[in-house]
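User: I've got a chain open here and want to understand it. Can you walk me through it?
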Amino acid sequence: MEKVEISEEMIFECFAAACQSDDMAGTAESFVDVEEYENRVMYPEFARWASKAGYPELATLFRKVAGEEKLHAVWLRALYSDIGVPQRGEDTQRAIDALEAIRANCDALIALNPDGVVEKALTVAIRVEEREYQDIYPHFRDQALAANDADTAEVYQKVIDSERQHAHWFQAALDNFRAPQTGAMA
Ligand SMILES: [Fe+2]
Ligand SMILES: [Fe+2]
């Protein structure tokens with residue numbers, strides 16, 4: 001079989017970053033677009049990989065986080081009733097294309113090296129969650145605060161706390177995944 005290479009960077013490219021606009025409605029639309037993409041496409045795909053690789057608990061964790069990403073969009077939608085179906089952001093479209101490009105190779109790679117794929121998925125998920133709670137969403141919150149919109153700022157803060165928790169869950173799962181299987185040797 002041909003050698004398949006999928007780097008952590010290639011998986012990272014499959015995630016989109018929400019983009020701040022000059023106006024808060026534009027920021028909100030990008031936020032909802034990315035959160036719904038994570039809910040519908042990205043984390044379900046990671047769950048599929050984990051399940052195929054033989055790690056049903058990790059698949060359950062990815063699905064649980066996917067559900068919470070949906071909630072993030074729901075929280076903000078409650079304040080912006082006119083978002084409807086958000087315009088597909090450029091970065092989300094790029095992420096979807098990147099995912100399509102690696103999907104076939106990914107299945108082949110899971111067959112060859114299931115643990116390697118699952119470990120990369122967890123590492124990337126941590127990086128993405130950290131980017132959101134440490135960098136992107138604090139800027140969104142500050143934009144709302146600067147506009148004296150306390151309700152919107154409060155939602156972004158709630159999301160920041162939730163993304164931090166996601167990063168911690170994935171870190172704990174990764175630590176556990178990498179831990180030597182001492183129990184099996186007893
Ligand atoms: Fe989220
Ligand atoms: Fe998250």
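Predicted model: local features only at pLDDT ≥ 70, side-chain atom pairs only at ≥ 80, totals over all residues.
User: Is D23 buried or exposed, and why?

Analyst: D23 is exposed, because 11 other C-beta atoms lie within 10 Å. Residues are numbered from 1 along each chain as its sequence is written, while chains are lettered from A and ligands numbered from 1 in the order in which they are written.

User: Where is D23 placed?

Analyst: In the loop between α1 (8–12) and α2. Helices are DSSP runs of H or I, at least four residues, and strands are runs of E, at least two, numbered from the N terminus. D23 and V41 are 18 residues apart in sequence, and their C-alpha atoms are 27 Å apart in space.

User: How many helices and strands are there?

Analyst: The chain has 7 helices and 0 strands.

User: What does V41 touch? Which helices meet there?

Analyst: V41 of α2 is part of the contact with α4, alongside others including Y37 and W49. On the α4 side, I96 and L99 are among the residues involved. Contact means C-beta atoms, placed from the backbone, within 7 Å.

User: How do α2 and α4 cross?

Analyst: At roughly 5 degrees, with axes that come within 12 Å. Axes are lines fitted to C-alpha atoms, for helices over the stretch in contact, and angles run from 0 to 180 degrees between N-to-C directions. α2 and α4 are therefore roughly parallel. Under 35 degrees counts as roughly parallel, over 145 as roughly antiparallel, 65 to 115 as roughly perpendicular, and the rest as oblique.

User: New topic. Which residues of α3 are buried?

Analyst: Among them are L58, F62, V65, E69 and L76. Seen down the axis of α3, the buried residues fall within an arc of 160 degrees, so they line one face. The arc is that of the directions from the helix axis to the C-beta atoms.

User: What do those buried residues pack against?

Analyst: α2 (24–52), α5 (114–146) and α6 (150–178).

User: And which exposed residues sit on the face turned away?

Analyst: P56, E57 and G67 of α3.

User: Last one. How much of the chain is buried?

Analyst: Of its 186 residues, 34% count as buried.

Definitions and conventions:
Buried ≥ 20, exposed ≤ 12 C-beta atoms within 10 Å, placed from the backbone. Contact = placed C-beta atoms within 7 Å.
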